Structures are given as structure tokens and as C-alpha cells.
Amino acid sequence: MSPPAVKRAFVTVGSTKFDALIQQVLNDATIQAFLKNSFTDLVVQAGNSVLPATWNLIGKDLKKDVDGLTITVWRFKASLKEEIDGADLVISHAGSGTILDTLRAGKQLIVIPNNTLLDDHQTELAEALHERGHLIAASVGTLCEAIGTSANRPPERFPELDLTAFSRIVDEEMGFAW
């Protein structure tokens with residue numbers, strides 16, 4: 001008999017502090033939402049966020065099994081590429097770098113804008129990409145619902161990177177276009 005398939009969710013706050021998202025991800029209701037949607041692994045990059053009291057992160061990382069969901073929590077790594085590539089679902093603050101990396105990897109993405117940031121630019125970006133079907137924009141309070149929605153809503157394919165676009169625009173503006 002083959003082992004059960006691994007279904008992994010990866011949560012990241014990037015280099016920021018996003019206490020509300022980390023608190024929500026590690027609470028019982030959200031853990032149950034992951035389990036209900038057949039996730040077996042949850043990897044959480046917590047950055048400088050405050051963890052719930054029952055999650056004492058001392059040293060490099062923390063690994064716990066909660067009702068059959070293997071949860072790994074750590075603060076920082078040099079690159080998130082391996083985690084994004086290995087995830088079935090990525091849940092992230094709405095940082096543009098993480099969004100682009102995740103969409104280019106073709107992964108399902110839920111973004112939770114961090115409204116505590118100065119100009120709230122994350123909400124604008126999240127809503128624009130949500131309207132185009134590339135990701136699911138949610139809030140801390142709607143995360144459990146968004147996890148369920150993600151199972152039934154495959155993302156629209158994100159356009160490939162076009163390294164010639166900038167030079168074409170400059171050429172057109174300068175009158176060099178053919």
C-alpha cells in the first residue's frame with residue numbers, strides 16, 4: 001500500500017511582521033480548515049511575527065503534529081523558492097516579490113494584505129490580481145473560507161516574463177519603433 005499523498009500549504013510573511021496572519025494561521029479553526037481540505041503539511045515562515053503562546057519557537061525551527069497535520073514553523077531563510085515550488089497552496093502577505101514568484105511558479109495563491117503598512121499598497125495589488133483571476137484576495141478574518149475556495153478555483157495562468165517589453169516601450173517612446 002502506498003503512503004498517503006502529501007498536500008502542502010506554505011505561509012509566508014516575507015521580511016515583515018504580520019502578527020494577525022500568523023496568529024490566524026496557527027489557530028484551531030484554520031488548522032481544521034487545512035485538514036478539511038486534505039492538507040497533510042503546513043510550513044509557516046513567521047518572520048518577526050509574534051507566535052501564539054502555545055508555539056514556542058526557540059532555535060532554528062519548530063515541528064509539531066496537530067490532528068494529523070504536520071506543522072513546521074521557522075523565521076527566515078535565504079530563499080523561499082524551494083518552499084513555493086514544493087507547495088500546493090501558498091498563503092502570503094501581499095508583497096509584490098512573493099506574489100510574482102508564486103504566480104510564475106504556477107501555484108495556487110491566497111494573499112492577505114497587511115493593512116497595518118503605511119500606504120496600504122498591498123490591498124490595491126491583491127484586488128487587481130484577484131479581479132484577473134490570478135489569485136484569491138482575502139483578509140485575516142476570511143482565511144478559512146479562502147482555503148476552501150482555493151480547492152475549487154484554479155488560478156488563471158499568469159503571463160510569462162517578457163524581457164523585451166521594457167526595451168520595446170522605450171523604443172516606441174523614443175520614436176525608434178518600426
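I looked up Val90 and found that its bridge partner is Leu109, in β6. β5 (89-92) and β6 (residues 108-111) pair in the parallel sense over 4 bridges. Pairing here needs at least two DSSP bridges between two strands. Strands (E, at least two residues) and helices (H or I, at least four) are DSSP runs, numbered from the N terminus.

The model is predicted: local features need pLDDT of at least 70, side-chain atom pairs count only at pLDDT 80 or more, and totals for chains, interfaces and linings use all residues. Residues are numbered from 1 along each chain as its sequence is written, and side-chain values use heavy atoms, without hydrogens and water.

Next I traced the sheet. It is open, has 7 strands with mixed pairing, and runs β3-β4-β2-β1-β5-β6-β7. β3 and β7 (136-137) are the edges; each has a single partner strand, so one side of each lacks a neighbour in the sheet.

Then I checked a helix. α2 packs on the sheet and touches β1, β2, β3, β4 and β5. Contact means heavy atoms within 4.5 Å. The direction of α2 makes about 125 degrees with that of β4. Axes are lines fitted to C-alpha atoms, for helices over the stretch in contact, and angles between N-to-C directions run from 0 to 180 degrees.

Last, I asked which residues touch the most other members of the largest nonpolar core. They are Ile91 and Ile110, in a core of 32 residues. Such a core joins buried Ala, Val, Leu, Ile, Met, Phe, Trp, Tyr and Cys through side-chain atoms within 4.5 Å. Buried means under 20% relative accessible area (1.4 Å probe, protein chains only).

Definitions and conventions. Buried < 20%, exposed > 50% of the residue type's maximum accessible area, 1.4 Å probe, protein only.
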